[in-house]
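Please read the following report alongside the sequence and the coordinates. It treats backbone geometry, then confidence, then the interface.

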Amino acid sequence: MIAEIGHFALVLALGLALIQALVPLAGAHWRDAALMNTAGPTAHAQLAFVAISFAALTACYVMSDFSVANVFENSHSQKPLLYKITGVWGNHEGSMLLWVLILALFGSLVAAFGGNLPATLKANVLAVQSWIAAAFYLFILLTSNPFLRLDNPPFEGRDLNPILQDIGLAVHPPLLYLGYVGLSISFSFAIAALIEGKIDAAWARWVRPWTLAAWMFLTLGIAMGSYWAYYELGWGGYWFWDPVENASLMPWIAGTALLHSAVVMEKRSALKVWTVLLAILSFSLSLIGTFLVRSGVLTSVHTFASDPTRGVFILMILVLFIGGALALYAFRAPALKQGGLFAPISREGALVFNNLFLTAACASVFIGTLYPLALEGVTGDKISVGAPFFNLTFGPLFLPLLMAAPFGPLLAWKRGDLLGAAQRLMAAAGIAVVGIAVTFAVSGGGPVLAPFGVGLAVFVIAGAATDIVERTGVLRAPLAVAFARARGLPRSAYGSAVAHAGLGVTLLGIVCVSTWGTERIVSLKPGAKVEIGSYALTFEGMVTRQGGNYRELIARFTVREGDTLRGVMNPSKRTFPARSTSTTEAALLTRGVSQIYVSLGDPNDDGSIAVRVYHKPLVLLIWLGAVVMVLGGLLSLSDRRLRVGAPKPAKPARPAMQPAE
Amino acid sequence: MMLWLAIALMTGVAILAVLWPLSRRAPASAGSDIEVYRDQLDEIERDRAAGLIGVAEAEAARVEVSRRLIAAADAAGAEAAPGPDAASNANWRRRAAAIAALIVLPLVGAGFYLPLGSPDRPGQSRTDVRELSPEQRSIAELIGRVEAHLEQNPDDGRGWEVLSPVYMRLGRFQDAVKARRNVLQLLGVTADRETDLGEALAAAANGVITAESKAAFERALRLDPADVRARFFMGHAAEQDGRPNDAADMWRKLLAEAPPGAPWVGIVRESLARVDPSSPAPRGPSAEDVAAAAELAPEQRAAMVQGMVERLAERLKQDGGDVEGWLRLMRAYMVMGDKAKAQAAAADARRALAGDAEKLRRVDELMKGLGLEG
């Protein structure tokens with residue numbers, strides 16, 4: 001009964017989406033307020049029904065209702081409650097349901113908080129959003145229906161892939177989807193504006209908070225996924241240039257470019273054509289990403305053939321939305337008016353530079369990800385494109401970006417003064433040089449380029465600080481004036497400085513780990529010692545333990561630095577009988593922002609066990625940098641300008657609230 | 001019934017979500033780009049006052065934004081004058097939209113849900129045995145009863161022995177391992193029981209002869225060097241250790257010693273042919289084998305039901321007063337498609353319950369229900 005209610009709610013959401021896709025559009029065309037008004041309530045109702053549907057599937061998982069095929073295939077009655085719930089989106093069907101839930105959530109948010117938008121734009125945005133939603137409801141209902149039932153419910157489910165039985169699954173996909181799907185709003189704004197034929201500086205401001213929110217979630221989602229891979233996969237790596245990771249990186253890069261070019265559009269009404277294209281491309285890339293991951297195309301091109309309906313449907317959605325959007329763009333873009341002019345050396349110029357390099361970097365990832373697939377599809381040859389390719393393409397493209405990042409905010413609009421900006425960055429450069437020297441002295445040799453990497457990271461961070469120092473004039477003006485200026489500075493200025501600094505922090509982490517990280521692979525008997533960095537790890541022994549749906553072999557290590565005990569580490573191996581697979585649970589010991597990482601290999605007959613031990617200096621900075629970037633995004637999002645134009649809700653006068661005289 | 005009520009309710013809410021905004025006359029509050037440009041002008045003024053930008057730059061920016069503001073105001077003015085027929089058309093459009101909602105929503109709902117959904121299939125919670133099909137119910141009930149019994153009397157080795165093959169068939173290998181360990185502990189060690197344990201351990205490891213499993217077979221062979229199953233699995237262990245020649249030797253020896261007509265010869269030959277292609281290939285699978293393989297799951301289920309039912313019949317022979325047991329036995333025979341046995345069971349039941357009119361009436365009723373002759 002619960003499953004059936006969920007099923008019907010999903011069907012109703014499709015019906016509502018169809019109405020919302022057409023009625024507000026017609027309303028906007030005829031400027032009919034009543035028809036346009038339907039967009040809001042239908043968007044809310046759509047969210048309500050998808051939420052019911054999602055809740056129903058979750059309930060089936062929690063109750064282990066194996067009469068639902070999807071639950072039978074992906075759950076187990078003895079699984080801990082948390083993994084029963086996260087298991088809902090740990091499979092294709094359920095994750096698509098989460099996808100549309102978030103899509104409906106964003107639609108409903110635009111309906112609720114889009115009060116500052118012109119009525120026609122809002123109606124059109126919600127209609128376009130509904131086209132996407134309708135396509136996905138159809139996809140789910142016809143090819144990936146999670147509510148299909150079994151005639152003879154089995155007694156026990158097949159369990160969830162053990163690697164996914166981790167707290168990471170509770171956080172990573174929802175965050176990532178919030179990012180992926182959030183970009184759909186920018187897409188809908190772009191299409192709506194193209195339909196209306198009216199794209200101006202105000203549009204850039206309206207679309208900005210949505211893009212920013214999506215970008216923040218995407219940043220967090222990618223960072224979280226990277227950290228998950230780092231501790232769960234047992235290899236100690238944080239980024240593998242794996243196609244699935246690249247699929248999430250591409251929309252992030254495009255979204256970052258979009259955020260920057262939208263600034264130009266908002267300020268100068270320039271780069272309109274380009275910004276709209278980026279809005280379309282960002283979501284197109286996240287569509288492609290979602291499907292590469294979800295359709296199984298990535299593991300093998302041939303998966304398309306094995307499930308023809310799903311594959312064809314996917315292709316149809318991709319062609320319809322990406323092709324349709326680009327066609328509309330090609331049709332309308334030439335009619336857009338040119339915006340303000342600017343010199344090459346200017347804030348606009350710097351942002352164009354940023355956009356060019358980001359797009360090129362995105363293209364390199366795109367090629368590196370899709371070329372092997374295309375080649376395999378055409379010739380059947382399997383090639384693997386990995387870190388070497390990306391180090392040679394993505395790396396050199398990002399380097400100039402990082403070097404330029406501190407300059408951009410210091411340049412004036414229209415016509416900037418590069419020399420002046422360089423002079424103002426002298427202090428930051430000085431700090432960077434000191435950083436290089438100190439690194440050389442401390443590391444005592446090692447790779448020559450590494451200290452320069454540290455220097456660049458320091459430069460990016462110090463450059464971000466310079467921006468704020470310069471704007472507030474804290475070193476020149478009296479303190480009171482500087483304070484007043486600091487208060488008057490828009491939050492988005494702080495936001496961009498903080499986000500740029502976050503970039504530097506991440507870079508610092510990457511450089512340090514890849515240069516000074518050490519690794520030991522040893523076979524240890526109880527009582528044996530292994531030294532890494534300044535630490536000595538003693539293998540104390542192993543015990544086995546029975547978990548709910550797995551058996552666990554736990555090793556115990558004590559970590560000493562000199563004679564001081566620094567901690568105890570318990571890496572383990574888990575065996576899951578229902579899927580007869582095992583997972584490696586690495587143990588992490590955090591010291592400041594550095595970590596010691598221990599993961600178990602296979603036990604040998606003589607009582608010893610293979611162990612990988614890593615020392616990862618400053619590794620946490622990689623993800624902390626991402627968190628800092630998101631904080632920057634939050635600051636920017638809280639900028640009052642983004643809410644300008646929102647009609648103030650009519651409040652009755654309340655004398656009690658008057659300030660006391 | 002509840003489900004249809006919920007479906008009707010949800011459809012109603014969905015329709016209301018469309019009709020309600022259509023009924024409102026006032027346009028929703030909305031913003032416009034004019035406000036954005038006004039704010040940009042204010043911001044330029046603020047920046048200039050704070051000394052963030054110079055006077056000349058501020059002036060240039062102000063001119064640029066003002067131009068946008070004027071353009072936006074012009075556009076808004078042009079839009080504000082609606083066409084003459086806007087009002088008269090409005091009602092017609094609203095009605096059309098309302099009718100569309102009233103038709104589209106139920107139509108989409110029925111059109112998709114009826115072919116895809118299973119409204120009459122009951123949901124099932126893992127703990128809720130009552131909603132299982134009769135066939136499953138009998139298995140689940142029997143297992144549940146034995147499990148409950150063993151919970152009270154964990155020292156009943158015989159109970160564990162009965163349960164362990166059922167666990168194996170259900171694929172609950174970990175439980176089977178536990179049961180077989182208990183059997184060894186409670187009923188004593190025999191070669192057969194050690195082999196059973198080894199088999200369960202291997203099944204739990206998805207067919208891999210683990211060290212633990214191998215140890216069990218070795219213990220079995222110490223007790224009975226001729227134990228066929230243990231020798232067969234030791235061959236697998238050798239094969240998995242990367243010693244196919246040893247495996248082939250073991251299996252060849254097993255075949256050489258096989259009594260005529262031993263049922264396990266075929267499977268040993270197959271294994272042998274895998275590691276040693278030169279050995280005579282086993283005969284192709286018979287028609288029955290093919291049929292059995294094609295329907296493995298129902299086959300297994302039938303075998304399991306049969307085992308259960310036989311035990312039930314055994315118990316009823318000793319304790320004939322249990323009318324529920326008799327009714328279940330008759331139903332079970334019918335599910336297995338064995339009408340003759342169901343008929344016989346009914347006759348036995350009538351004999352055993354001869355003194356009790358009420359119980360006889362229930363047996364008669366079920367016989368009628370199942371279409372058995374009284």
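Leu618(A) is found in the loop between β10 (609–616) and α21 (620–637) of chain A, where helices (H or I, at least four residues) and strands (E, at least two) are DSSP runs numbered from the N terminus. This is a predicted model, in which local features need pLDDT of at least 70 and side-chain atom pairs count only at pLDDT 80 or more, while totals for chains, interfaces and linings use all residues. Residues are numbered from 1 along each chain as its sequence is written, and chains are lettered from A in the order in which they are written.

Trp241(A), for its part, lies in the loop between α9 (201–232) and α10 (243–268) of chain A.

Chain A averages a pLDDT (the predictor's confidence in each residue, from 0 to 100) of 86, and 93% of the residues score at least 70. Over residues 645–661 of chain A, pLDDT stays under 50. Where pLDDT is low, the predicted coordinates should not be read in detail.

At the interface, 61 residues of chain B are in contact with 64 residues of chain A, contact being C-beta atoms, placed from the backbone, within 7 Å.

Methods: Contact = placed C-beta atoms within 7 Å.
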